[in-house]
Amino acid sequence: MEYGVIINIVISLIISIMSFYLVKKLEYNPLQFKEQRLKFFFGMFWLSVGLIYLLVTLIEIFSLLEKFFSAQILFITTVSLAVVPVIGLSCFLSVAIFGRSKKTFIFPIIMLFGSISYILFVLTEGINGPIASEFGIKWFLAGPNSIMLTQLLGYTSFAMCLLIFFIAFRTKQKLIVFKIMAMASSISFFFLAGYLDLLGAQGIEIIIIRAIIALGAITGYYAFYPTKFMIKLVKMISSFD
């Protein structure tokens, strides 16, 4: 079992490093917040993912060392932090739809209240575990309300990703379409896999799920630093319009 857990630890650490590297490469300038809000919220999203999977790495290490109390505290912290990517996504979507309008903060505030409710249920209903498998040691949400809100936030996140794709398709400039599509795909990879991870995937599923999240970070990088081939391909597609 230890070899599988070690592989899982390495993958989780790679996700964290790749996420932090992506945020660094965004080169966000705080003095230009109004002009770079989309980049800021995308960076906020992946910064939180990097932090979450750094904690996941520590959870796996403490569980492997049988320091279960520390692992339990870290798991509760991690699932509570899982709301940050959701809020980051809602901010990203709001900026994409409303731009600099005051309406930008309406949807994120709604998601914030939902996220606070989720955290309160997690803290009051507790968690179950650990359950050991060949590829990881898992902890699970224990209460029906926290699981229900996890599903609700997950479905809402999927809907927000679809809206971003829709916005991208309506954009006329193909390079901007490519950028938004790549950013939306990057976020979607995380929510698809992270949602299943949070609900308690086991065995080899853990490795596959976390590999998909790593793919999301790579996709996010190419949204801002596309290869020459990608740029030529987008321009070639544009020539047919």
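I started with burial: buried residues make up 45% of the 241 residues in the protein chain. I took buried as under 20% relative accessible area, exposed as over 50% and partly exposed as in between, with a 1.4 Å probe and protein chains only. The model is predicted, so I kept to its limits: local features need pLDDT of at least 70, side-chain atom pairs count only at pLDDT 80 or more, and totals for chains, interfaces and linings use all residues. Residues are numbered from 1 along each chain as its sequence is written, and side-chain values use heavy atoms, with hydrogens and water left out.

Fold. I listed nine helices and two strands in the protein chain. Helices (H or I, at least four residues) and strands (E, at least two) are DSSP runs, numbered from the N terminus. I read the order from the N terminus as α-α-α-α-α-β-β-α-α-α-α. I then looked up contacts, meaning heavy atoms within 4.5 Å. Among those between residues at least 6 apart in sequence, 73% join residues at least 24 apart.

Surface. I found that the protein chain exposes about 12500 Å², with 72% of it supplied by carbon and sulfur atoms. Accessible areas come from the Shrake-Rupley method with a 1.4 Å probe; for residues, only the protein chains shown count as cover. I noted a nonpolar surface patch of Leu 13, Ile 17, Phe 20, Leu 47, Leu 51 and Leu 54, with about 470 Å² of accessible area together. Helix H1 (2-25) and helix H2 (37-64) are the elements that give two or more residues to the nonpolar patch. Patches are made of residues with over 30% relative accessible area and no salt bridge; like charges are joined within 9 Å, nonpolar side chains (Val, Leu, Ile, Met, Phe, Trp, Tyr) within 5 Å. I checked Ile 17, which sits in helix H1; Ile 17 is exposed, at a relative accessible area of 52%.

Salt bridge. I took this as a side-chain nitrogen of Lys or Arg within 4 Å of a carboxyl oxygen of Asp or Glu. The structure holds one. I identified the pair as Glu 60 and Arg 210 (3.5 Å, N to O). The pair links distant parts of the chain, with Glu 60 in helix H2 and Arg 210 in helix H8 (residues 204-224), 150 residues apart. I noted that Glu 60 is buried, with a relative accessible area of 2%, and that Arg 210 is buried, with 3%.
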